[in-house]
Amino acid sequence: MPNNYTSLISELREKLKECKSPHDIANIKAHYLGKTGIVTNEFGKLKDASLEEKKELGKSLNILKGQMQELIALQLDNIQKTKEDNNFVDVTLPGKNISMGSRHPISITINQITSILSNHGFTSVSGIEIEDEFHNFEALNIPDTHPARDMHDTFYVSDDKLLRTHTSSVQIRSMLSNKAPLKIMTPGKVYRCDSDPTHSPMFHQIEGLYIDKNVNFCHLKGVLINFIKEFFGKDMEIRFRPSYFPFTEPSAELDIKFQGKWLEVLGCGMVHPNVLSNVKINTKQYSGFAFGLGVERLAMLKYDIVDLRMFYENDISFLSQFKGLK
Ligand code: PHE
C-alpha cells in the first residue's frame, strides 16, 4: 500500500479516538468515505490511470477502504457499548440499604431524665441562651466579685449580654412570670470558657425547681435519691456533700461512686431567701429546693464514655451504638 494510504489509516485512528458519539463517527466517515471524501476522491483518479496502475491502485484503495470501514465500525461499537454500560441497571441485584439515623446520646439522656422528673411532677420549661447579668447572676445572689462573673469563665456577647453559664437563670424567669407554687425542670444548653476531656465550652444542664409551702431538704433528698436509682436502673452508691452556691442555703453536691472514685454529678440546695425576695416570693409562706445536673456527666457515667468531646464529633460509629435507645 502506498505510504500516503498508511498515514491516512493512522490519521483516522487518532481521529476516531476523539469520537464520543455516533454523530462524531458519522462526520469522520463522511470525511474519508463520503461522496466527496478523501478515499472516494482517490477512487476517482483511477479512470485516468494506465491499466497496470489501475490494477495496483485499485487493489490498494479497496484494502484502504476496507480497513477504514472496519476501524469505524469498531469505534461505533465501542461507543454504543459504553453508553449501554453507563445506563445499565441490573434489577436483580439486592437493593441499597438506606440506614436509619438514630437519636443523639445527649437527646436520649435528656429524654430519660425529663421523663423521670415529669413522673415526679416537674413541668418542662425552656429559657433563653443569651441572657443578661440580672437573670444569670444578680437575681441569683451571685455578687459582682464572684469568679463566675469573670471574662475568663463567661462568654460575654456585649457589656450586659452573655451566654448563660447555667440553667439557673430559668429559675428566675419562671418565678418572675409564674406565682408560687411551681415545680419546673429546664433542659438546655449552657456555656463556659472551658475545654478538656471532661469539659466542653457548651454543655447541657437540667435544672429542677420546686417552690411550695413547707418544702424542706428531705423532699430534695427524696427526689434525687429516687431519680438516681431510676436513671441508672439500679441502686448506686451516692452521697450528699456539703457545698456552696450563692443561690441556695444550705447547699450540697451529689456524688456517685464510680470505679472506686466519688464523682460529682449535680449541685443542689434550698433556694436562698435572697433569691425568693428578688422575685417577690414571700419567704414566710414559701420555701423551695433547686438542683442543677450536667447531662453529659450523667450520660458518660451511664454509658461508660471517657471523653466528653466524643458527643460532639459526629462520628457515626460512635453515635450508632445508641441506636434503639429512647
Ligand atoms: N447552677 C449550678 C451550676 O451550674 C448548679 C445548681 C443548680 C446548684 C441549682 C444548686 C441549685 O453549677
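Predicted model: local features only at pLDDT ≥ 70, side-chain atom pairs only at ≥ 80, totals over all residues.

Colleague: How much space lies in the largest pocket?

Modeller: The largest pocket holds about 980 Å³ of space. A pocket is found on a 1 Å grid over the protein atoms alone: it is an open set of points with protein on both sides within 12 Å along at least five of seven lines, whereas a cavity is a set where a 1.4 Å probe fits but cannot get out. Points are joined across faces, edges and corners, and a volume is the space filled by probe spheres set on them.

Colleague: Which residues lie nearest its centre?

Modeller: Those are Arg192, Phe203, Gln205, Phe245 and Glu264, out of 41 lining residues; a lining residue has an atom within 4 Å of a point. The lining is made up of 18 nonpolar, 15 polar and eight charged residues.

Colleague: Where does the largest share of that lining come from?

Modeller: S8 provides the largest share, six residues. Elements are DSSP runs numbered from the N terminus, helices being H or I with at least four residues and strands E with at least two. The elements that give two or more residues to this lining are helix H7 (168-177), strand S5 (202-212), strand S6 (238-245), strand S7 (248-258), strand S8 (261-271), strand S9 (287-294) and helix H10 (295-303).

Colleague: And what lines the second largest pocket?

Modeller: The second largest pocket has about 280 Å³ of space, and its lining includes Thr198, Phe258, Lys261, Arg297 and Asp304. By class, this lining has six nonpolar, two polar and three charged residues. S8 and H10 each give two or more residues to it, and H10 contributes the largest share, three residues.

Colleague: H10 comes up again. Which of its residues are buried?

Modeller: Val295, Glu296, Leu298, Ala299, Met300 and Leu301 are buried in H10; buried means under 20% relative accessible area, exposed over 50% and partly exposed in between, with a 1.4 Å probe and protein chains only. Their cover includes helix H5 (105-119), S5, helix H8 (217-232), S7, S8 and S9, where contact means heavy atoms within 4.5 Å. Just after H10, aspartate 304 takes a positive phi of about 60°.

Colleague: Let us change topic. What is the order of the strands in the open sheet?

Modeller: The open sheet has seven strands in the order S1-S4-S5-S9-S8-S7-S6, with mixed pairing. Strand S1 (123-124) and S6 are the edge strands, each pairing on one side only. Two strands pair if DSSP finds at least two bridges between them.

Colleague: How does S9 pair with S5, and how with S8?

Modeller: S5 and S9 are antiparallel over eight bridges, and isoleucine 206 stands opposite leucine 293 in S9. S8 and S9 are antiparallel too, over five bridges, with cysteine 268 partnered by phenylalanine 291 of S9. Seven of the eight residues of S9 are buried, so the strand is largely enclosed by the rest of the structure.

Colleague: What about S6 and S7?

Modeller: They pair in the antiparallel sense over seven bridges, and the bridge partner of arginine 241 is glutamate 253 in S7.

Colleague: Where do asparagine 141 and asparagine 214 lie?

Modeller: Asparagine 141 is in the loop between helix H6 (133-136) and strand S3 (161-163), and its phi is positive, about 65°. Asparagine 214 is in the loop between S5 and H8, with a positive phi near 60°.

Colleague: Is asparagine 214 buried or exposed?

Modeller: Asparagine 214 counts as exposed, at 64% relative accessibility, while asparagine 141 is partly exposed, with a relative accessible area of 23%.

How values were computed. Residues numbered from 1 in each chain as written. Heavy atoms only, no water. Nonpolar A, V, L, I, M, F, W, Y, C, P; charged D, E, K, R; others polar.
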